[in-house]
Amino acid sequence: MARHQIRLSGSGGQGMITAGIILAAGAAVLEGKKAIQSQSYGPEARGGASKAEVIISDEEIYYPKVMAPDVLVALTQEAADKYSKDLVDGGILILDDLMVKTVPAGNWKVYMMPIIRTAAEKVGKAMVANVVTLGALNEICGFVKPETLEKAVLSRVPKGTEELNKNAINAGIELAKAAKAL
């Protein structure tokens, strides 16, 4: 049985909740896997720590919350510190190297990547950092087929931004291919 518990975290407004929704929809709607997505954020709509959780499984999911993620993405130091405590031993920790300066201690595969900088400088819009994240995450973990991820992303983005978002996915894939686990 394949079961993955994923936590995507950052600051409110960075799009991690949207990223979780896209990943879960790609797995469930487009690939027929069992998937569930939940989210939480602090009282601040923007600026406070937020997280999206996704469970993807081949079997029924009986509890909708991630208890011990095997993968954590953190785009801010606050999110890394707050949400890494539950990451399983040997899990995968993906961090943005601009915003996270101190890697939380633990026995994990750590990937430090310039996610936000890549979105802003290479893709041209910082607001697609969540899509860059999805490209990198999926390249490292292989939760869905690459074409599924693209289709899921394109089904959720505003008309006229399709090319921008395709570029963001590809930029994330390239980041992951170049990254080495610490």
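Colleague: Is H4 mostly covered or mostly exposed?
Modeller: Mostly covered: ten of the 13 residues of H4 are buried. Bear in mind that this is a predicted model.

Colleague: Which residues in H4 are buried?
Modeller: Ala-129, Asn-130, Val-131, Val-132, Thr-133, Leu-134, Gly-135, Ala-136, Leu-137 and Asn-138.

Colleague: And how far does H4 reach?
Modeller: H4 runs over residues 129-141 and reaches 18 Å from its first C-alpha to its last. That is close to the 18 Å expected at 1.5 Å a residue.

Colleague: What follows H4?
Modeller: Gly-142, with a positive phi near 65 degrees.

Colleague: Zooming out, how many helices and strands are in the protein chain?
Modeller: The chain has six helices and six strands. In sequence order the pattern is β-α-β-β-β-α-β-β-α-α-α-α.

Colleague: What radius of gyration does the protein chain have?
Modeller: The value is 15 Å, which agrees with a compact globule, because 182 residues in such a globule would give a radius near 16 Å. The C-alpha trace spans about 40 × 40 × 35 Å along its principal axes.

Colleague: What share of the residues counts as buried?
Modeller: 50% of the 182. As for contacts with a separation of 6 or more, 56% come from residues 24 or more positions apart.

Conventions:
Residues are numbered from 1 along each chain as its sequence is written. This is a predicted model: local features need pLDDT of at least 70, side-chain atom pairs count only at pLDDT 80 or more; totals for chains, interfaces and linings use all residues. Side-chain values use heavy atoms; hydrogens and water are left out. Helices (H or I, at least four residues) and strands (E, at least two) are DSSP runs, numbered from the N terminus. The expected span of a helix is 1.5 Å times one less than its number of residues. Buried means under 20% relative accessible area, exposed over 50%, partly exposed in between (1.4 Å probe, protein chains only). The radius of gyration is taken over C-alpha atoms; the globule rule is 2.2 Å times the number of residues to the power 0.38. Contact means heavy atoms within 4.5 Å.
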